[in-house]
Amino acid sequence: MRAVIQRVRRAAVSVAGAQVAGIGPGMVVLLGIARDDDAATAARLAERVAGLRIFDDGAGRMNLDVATIGGAVLCISQFTLYGDVRRGRRPSFEAAAPAAQAQPLYEAFVAAVRGAGIPCATGVFGAEMQVELVNDGPVTLFVDSADLERPRRA
């Protein structure tokens with residue numbers, strides 16, 4: 001899984017001109033799912049995202065996570081994060097999971113964020129969406145689950 005995370009003052013997502021979700025302070029997570037991802041990947045990435053200390057403390061240092069500031073997450077499915085543009089001019093999306101596989105993993109990620117006590121709004125999976133946000137900082141991070149330490153087996 002890949003996530004582009006943006007610290008925001010506010011964000012909203014619309015489908016067909018109608019707003020379907022919005023948040024105040026928090027983060028927007030654009031989430032891409034690969035063919036080899038599974039529920040454990042979703043849980044691991046959600047834990048990492050929920051725990052990111054990217055919000056300023058009283059001293060102005062990025063030291064607080066989204067739950068501590070009372071923020072929320074807006075999660076948007078984004079298969080184009082697996083677009084491969086190494087050849088030609090049109091991206092290939094072969095590495096992206098097909099919708100039937102990706103949707104339950106997207107929902108597992110959202111459920112894990114909510115399970116951490118963080119309000120998590122969503123777009124509409126597979127829909128053409130318009131996302132509006134006010135990036136705070138700006139702070140934008142990229143997290144790839146392939147780069148996260150895998151839990152050790154007992």
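Visitor: How many aromatic pairs does the structure hold?
Guide: The structure holds two aromatic pairs, where rings of Phe, Tyr and Trp (its six-membered ring) pair if their centres lie within 6.5 Å, and planes under 30 degrees apart count as stacked, over 60 as edge-to-face and the rest as tilted. This is a predicted model, in which local features need pLDDT of at least 70, side-chain atom pairs count only at pLDDT 80 or more, and totals for chains, interfaces and linings use all residues. Residues are numbered from 1 along each chain as its sequence is written, and side-chain values use heavy atoms, with hydrogens and water left out.

Visitor: Which residue pairs with F79, and in what geometry?
Guide: F79 pairs with F93 edge-to-face, at 5.0 Å centre to centre and 70° between the planes.

Visitor: And which residue does Y106 pair with?
Guide: Y106 and F125 form a tilted pair, with 5.6 Å centre to centre and 50° between the planes. Y106 lies in helix α2 and F125 in the loop between β7 and β8 (129-144), so the pair ties together parts that are 19 residues apart in sequence; helices (H or I, at least four residues) and strands (E, at least two) are DSSP runs, numbered from the N terminus.

Visitor: Is Y106 buried or exposed?
Guide: Y106 counts as buried at 4% relative accessibility, where buried means under 20% relative accessible area, exposed over 50% and partly exposed in between (1.4 Å probe, protein chains only).

Visitor: Switching to α2, which of its residues are buried?
Guide: They are A102, L105, Y106, F109, V110 and V113, whereas A100 and G115 are exposed on the other side of α2.
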